[in-house]
Amino acid sequence: MHQWIAEIAFETGRGVRTQKESFYLPTRDDVRHAVQQMGGYVLTIRSHERTPLERILARSSWWQVQLLRGIQFRSFSTSPGVALWKMIESETDPRRQNILAPARESLSRGMGVIDALKALHIFDHSTLSILSASERSNKLYEGIPHAIQSITQKRRNNQAIMGTMAWLGFDVITIVQSLFWGKGMVLGFFDGNKPTEPEALEKFERVVGNLSLTWDLLIYFAFAMGGFMAWAVFSFIINRGKTDWPTARIVRKIPLIGGYLRDLGFADSMSAAARMLKGHVPISDALDESAKATSVPEVSRYWEKAQKMLSRGINLGTALDRAPLTKAERLELATLSDLDQVATIMTAISEMRTQSSKTKHKLIVWLAFVLTGVYLALAFGSAIYALTVMNMSMDNMMGGLLDGAM
């Protein structure tokens, strides 16, 4: 499915009238067919691409929360689909109209509110899973506060990580600039004031060579890490909404970060599964939706395999009793007897995984502080090392001056 902007001509009693319409359809041929059904003629069809400002607005947590709150407020007196349609129809800002155009087209073609929200491509998998689980239980208005809470919590986590990384990055950039711009001046001063004695000269050159190598490694390492972080952030922004891509696979291989993302994936998917089971959604459908509730492939495969085992007649406890769940989680799942108990256990696992993700988040922040401290210690240590070399040069220079004066 894609958003298209078509310029259409209509024959009227006063002549030809042209107008532009937005369509959310798979291909250009589908757009032409839709225009023919409207009694018009296609003049031009172009693929609609959001402007950078529209993309930033659409992906902001503030905009997502406002959209969900608007649906929740109107859902008390009407269905969620009608509530979303009224919101779209009452929107007057052109940028927001462009953002909401795919949802409007989906609703006009009889699709549900969840399909319309998916068409916007602004919510992550966990948020959509919470909404979908609630909608399958016919309680979307009850699931929206949970979705808002999830968005808000992730925003706080991201802000905490970004704030920490920004402060640490400022420290590292300051040191790197000092090393980068001061390296030539310091080493140039050393080369101009070498000792004359053979033993002292040999020691001097060895010390200066080690100093130059240390500074080069620190500078190159800082540039490499900065480039990787910038590339990773850009890649995650561009590929938002996708389930897997090369950068995400690289990031997940980092031990602590990979575990953090896995905990978040299980927390979101277990919560969605529990909510669907409490709403009496068929277990097979609940497992299928849970697999879509996360962008971590390892977690998705867990739910997909559980669904396949369940379809082969294996009992639910055995189907869910698998890695990568922890031993304690598997022991609880292995003893379940009814669906109500499953929902309770899944809720407990979701809470445990959420707490585990918070612990790992704190470890990531503290580890970043420690590694930055190590980097700064190496930088300052090498600077102190340089002062030792400078003393050797100053002694040589002062000795030459004293010999000349005598």
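Which residues of α4 are buried? They are Ala83, Leu84, Met87 and Ile88, where buried means under 20% relative accessible area, exposed over 50% and partly exposed in between, using a 1.4 Å probe and protein chains only. This is a predicted model, in which local features need pLDDT of at least 70 and side-chain atom pairs count only at pLDDT 80 or more, while totals for chains, interfaces and linings use all residues. Residues are numbered from 1 along each chain as its sequence is written, and side-chain values use heavy atoms, leaving out hydrogens and water.

**Helix α4 and its partner**

- Seen down the axis of α4, the buried residues fall within an arc of 135 degrees, so they line one face of the helix; the arc is that of the directions from the helix axis to the C-beta atoms.
- Helices here are DSSP runs of H or I with at least four residues, numbered from the N terminus.
- The axes of α4 (residues 80-90) and α6 (residues 113-120) come within 8 Å and cross at roughly 40 degrees; axes are lines fitted to C-alpha atoms, for helices over the stretch in contact, and angles run from 0 to 180 degrees between N-to-C directions.
- α4 and α6 are therefore oblique to each other, since angles under 35 degrees count as roughly parallel, over 145 as roughly antiparallel, 65 to 115 as roughly perpendicular and the rest as oblique.
- Pro80, Gly81 and Leu84 of α4 meet Val113, Ala116 and Leu117 of α6, contact meaning heavy atoms within 4.5 Å.
- By type, these contact residues are 5 nonpolar, 1 polar and no charged; Ala, Val, Leu, Ile, Met, Phe, Trp, Tyr, Cys and Pro count as nonpolar, Asp, Glu, Lys and Arg as charged, and the others, Gly among them, as polar.

**The nonpolar cores**

- A nonpolar core is a set of buried Ala, Val, Leu, Ile, Met, Phe, Trp, Tyr and Cys residues joined through side-chain atoms within 4.5 Å.
- The largest one has 30 residues, and Met270, Tyr302 and Trp303 are among those with the most contacts inside it.
- α11 (255-278) and α16 (339-405) are among the elements giving two or more residues to this core, and α11 gives the most, with 7.
- Leu320 touches residues including Leu287, Ala306 and Leu325, not counting those up to four places away in sequence.
- Apart from this core lies another, of 28 residues, with Leu84 and Ile148 among them.

- Gln72 sits in helix α3 (residues 61-75) and counts as buried at 18% relative accessibility.
- Among the residues that Gln72 touches are Tyr141 and Ile148, leaving aside residues up to four places away in sequence.
- Phe221, in helix α9 (residues 198-238), is partly exposed, with a relative accessible area of 47%.
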